[in-house]
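Me: I have not looked at this structure before. Please take me through it by question and answer.

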Amino acid sequence: MNSAANLTFGAYKHLLKFPENWAALGWAIDQQHFLTALEDCRRFRNDLMHFSPDPVTDEQLLPAQGLLELLRSVDPQV
């Protein structure tokens with residue numbers, strides 16, 4: 001079964017760059033700001049999962065925290 005749960009960060013970015021897809025969400029946040037936060041979080045995730053055995057610093061967590069804050073602004077249950 002195909003669902004949003006199977007999408008990657010890159011796929012989310014690709015889908016949400018189209019104005020009609022973004023509008024369908026009905027989110028009251030800036031599309032470009034969200035896409036930038038999503039890309040920052042994608043890079044963080046890839047670095048974490050593929051390239052770095054070192055512990056994550058608080059500064060490195062900022063992209064994930066920023067995206068989470070944006071998502072919580074549109075859905076406090078996140």
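Me: Where is the place of F51?
Reply: The model is predicted, so local features need pLDDT of at least 70 and side-chain atom pairs count only at pLDDT 80 or more, while totals for chains, interfaces and linings use all residues. Residues are numbered from 1 along each chain as its sequence is written, and side-chain values use heavy atoms, with hydrogens and water left out. Helices here are DSSP runs of H or I with at least four residues, numbered from the N terminus. F51 sits in the loop between α3 and α4.

Me: Is F51 buried or exposed?
Reply: Buried means under 20% relative accessible area, exposed over 50%, and partly exposed in between, with a 1.4 Å probe and protein chains only. The relative accessibility of F51 is 63%, so F51 is exposed.

Me: Which residues form a nonpolar patch on the surface?
Reply: Nonpolar side chains (Val, Leu, Ile, Met, Phe, Trp, Tyr) are joined within 5 Å, like charges within 9 Å. Together the patch has about 250 Å² of accessible area, by the Shrake-Rupley method with a 1.4 Å probe. Its residues are L48, M49 and V56.

Me: What kind of ring pair do W22 and W27 make?
Reply: Rings of Phe, Tyr and Trp (its six-membered ring) pair if their centres lie within 6.5 Å; planes under 30 degrees apart count as stacked, over 60 as edge-to-face and the rest as tilted. By this rule there are 3 aromatic pairs. For W22 and W27 the centres are 5.6 Å apart and the planes are at 85°, so the pair is edge-to-face.

Me: What kind of pair do W22 and F34 make?
Reply: The ring centres of W22 and F34 are 5.5 Å apart. This pair links distant parts of the chain, with W22 in helix α2 (residues 19–25) and F34 in helix α3, 12 residues apart. Both W22 and F34 are buried. With the planes of W22 and F34 at 40°, the pair is tilted.

Technical notes. Patch = residues over 30% accessible without salt bridge, like charges linked within 9 Å, V, L, I, M, F, W, Y side chains within 5 Å. Salt bridge = Lys/Arg side-chain N within 4 Å of Asp/Glu carboxyl O. Helix = DSSP H or I, 4+ residues; strand = E, 2+ residues; numbered from the N terminus.
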